[in-house]
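Subject: Structure for you to look at

Hello,

I am passing on a structure that you have not seen before. Please open it first and then read the notes below it.

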Amino acid sequence: MLDFGLASEREIREELSRRLRAQRLAKGLGQAELAKDAGIGVATLQRLEAGQGATLENFLHLVI
């Protein structure tokens with residue numbers, strides 16, 4: 001497990017992206033379904049799962 005206190009921003013972003021995708025798949029959700037439920041676009045979700053250009057606001061839409 002990643003120690004967030006010692007990790008770089010890039011490492012944290014990559015770990016959160018991996019966890020997000022793993023949780024989505026574990027719940028049997030497709031990207032389109034999760035994006036719709038979270039009120040974000042599919043492209044935004046794809047960027048979040050890829051660890052690219054994610055905003056905290058969009059990430060929070062998914063986890064809250």
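This is a predicted model: local features need pLDDT of at least 70, side-chain atom pairs count only at pLDDT 80 or more; totals for chains, interfaces and linings use all residues.

Residues are numbered from 1 along each chain as its sequence is written, and side-chain values use heavy atoms, with hydrogens and water left out.

The largest nonpolar core is made of Leu20, Leu29, Leu34, Ala35, Ala38, Ile40, Leu45, Leu48, Phe59 and Leu62, ten residues. (A nonpolar core is a set of buried Ala, Val, Leu, Ile, Met, Phe, Trp, Tyr and Cys residues joined through side-chain atoms within 4.5 Å; buried means under 20% relative accessible area, exposed over 50% and partly exposed in between, with a 1.4 Å probe and protein chains only.) Two or more of these residues come from each of α2 (31-38), α3 (42-50) and α4 (56-63), and α2 gives the largest share, three residues. Helices here are DSSP runs of H or I with at least four residues, numbered from the N terminus.

Leaving out residues up to four places away in sequence, Leu45 touches Leu20, Arg24, Gln31, Leu34, Ala35, Ile40 and Leu62; contact means heavy atoms within 4.5 Å.

Arg24 belongs to helix α1 (residues 9-26). Arg24 counts as buried because its relative accessibility is 7%. A polar atom of the Arg24 side chain lies 2.9 Å from the backbone oxygen of Leu29.

As for the helix pairs, α2 and α3 pack at an angle of about 105°, with their axes 9 Å apart. (Axes are lines fitted to C-alpha atoms, for helices over the stretch in contact, and angles run from 0 to 180 degrees between N-to-C directions.) The two helices, α2 and α3, are therefore roughly perpendicular to each other, a term for angles of 65 to 115 degrees. Gln31, Ala32, Leu34 and Ala35 of α2 make the contact with Val42, Leu45, Gln46 and Glu49 of α3.

For α3 and α4 the packing angle is about 95° and the axes are 11 Å apart, so α3 and α4 are also roughly perpendicular to each other. Here Thr44, Leu45 and Leu48 of α3 meet Asn58, Phe59 and Leu62 of α4. Asn58 is also in contact with Ile40, when neighbours within four places in sequence are set aside.

Regards

Terms used:
A polar contact is a pair of N or O atoms within 3.5 Å; within protein, one must be able to donate a hydrogen and the other to accept it, and residues adjacent in sequence count only if both atoms are side-chain atoms. Angles under 35 degrees count as roughly parallel, over 145 as roughly antiparallel, 65 to 115 as roughly perpendicular and the rest as oblique.
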